[in-house]
Amino acid sequence: MERISYKGITIGLLVLVAVLSIAHTLIAKLQFRDAAFRAQSASLERVMQVASDETLKKIHGASFSLANDLQRRLFDTTSRQLHPQQRLLGELDDLFTNGFAGVAYLDLAQLRVYDQQLQLLAQSSMGVQGLPAAAPRFILEQALPRKGVDRLKAIGGMWQGPERPFYSLLLPIGGLHLSGYLEVVLDP
């Protein structure tokens, strides 16, 4: 101890403080970089979520408008029933051959008509082939238990098809005199 000078102790302490400071800075840099990366990832994820929600809202609105226009052509207001099956098929396929308002931003995959118990009555022969012949599970789970006025509400959502995801909207046909349902299937 007697051989160590005040100058040596001071220099040693300064070197130790400098080394600790540099080590602290490097550790903080790594931690802040990871925290900044996590924050940036969370922010980007939120932006993507908001954008996809907005896109789904637009798809829902456009498909609702399309289904409303089409359901008027499928229902005979005088007899308060759906048109015969041959006419239903013609009306469903007509949108694929002649187009519709919104064809520029909606990719129509399939159109289907169901009875009140969601049993398939008719589906378009054009569009995406190989889709299941029944309504998607989320539609069945939401629509079948509904009673009264709730049956007149539209149901829409994403579902996984055999090869890729699809968006379906189920709309009642016939207004207050429910005769069936129309499903518009879109490739989002």
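Is Asp187 buried, partly exposed or exposed? I looked it up and found that Asp187 counts as partly exposed, at 23% relative accessibility. My scale is this: buried is under 20% relative accessible area, exposed is over 50%, and partly exposed lies in between (1.4 Å probe, protein chains only).

**Ground rules**

I am working with a predicted model, where local features need pLDDT of at least 70 and side-chain atom pairs count only at pLDDT 80 or more, while totals for chains, interfaces and linings use all residues. I number residues from 1 along each chain as its sequence is written, and side-chain values use heavy atoms, with hydrogens and water left out.

**Overall layout**

I listed three helices and seven strands. Helices (H or I, at least four residues) and strands (E, at least two) are DSSP runs, numbered from the N terminus. Along the sequence I read α-β-β-α-β-β-α-β-β-β. The radius of gyration is 31 Å, well over the 16 Å that the globule rule gives for 188 residues, so the protein is more spread out than a compact globule. I note that this radius is taken over C-alpha atoms, and that the rule is 2.2 Å times the number of residues to the power 0.38. The C-alpha atoms fill a box of roughly 115 × 35 × 25 Å along the principal axes.

I then checked burial: 32% of the 188 residues count as buried. Next came contacts (heavy atoms within 4.5 Å). Among those between residues at least 6 apart in sequence, 52% join residues at least 24 apart.

**Salt bridges**

I wanted the charged pairs next. Side chains of opposite charge can pair when their charged atoms come close. I count a salt bridge when a side-chain nitrogen of Lys or Arg is within 4 Å of a carboxyl oxygen of Asp or Glu. The structure holds three of them.

I began with Arg164 and Asp187, whose side chains meet at 3.0 Å, N to O. Arg164 lies in the loop between β5 (155-160) and β6 (165-173) and Asp187 in the segment after β7, so this pair ties together parts 23 residues apart in sequence. Arg164 is partly exposed, with a relative accessible area of 30%.

I turned to Glu183 and Arg112, which form a salt bridge at 3.3 Å, N to O. Glu183 sits in strand β7 (residues 180-186) and Arg112 in strand β3 (residues 108-114), so the pair ties together parts 71 residues apart in sequence. Both Glu183 and Arg112 are buried.

I also looked at Glu54 and Lys57, whose side chains meet at 3.9 Å, N to O. Both residues lie in helix α1 (residues 6-74), three residues apart, about one turn of the helix. Glu54 is partly exposed at 39% relative accessibility. Lys57 is exposed, with a relative accessible area of 57%.

**Glu91**

Which residues does Glu91 contact, leaving aside its neighbours within four places in sequence? I found Leu70, Arg73 and Leu74. Glu91 itself is in helix α2 (residues 85-98). I noted Glu91 as buried, with a relative accessible area of 16%. I also checked Gln40, which is 51 residues from Glu91 along the chain. The C-alpha atoms of Glu91 and Gln40 are separated by 49 Å.
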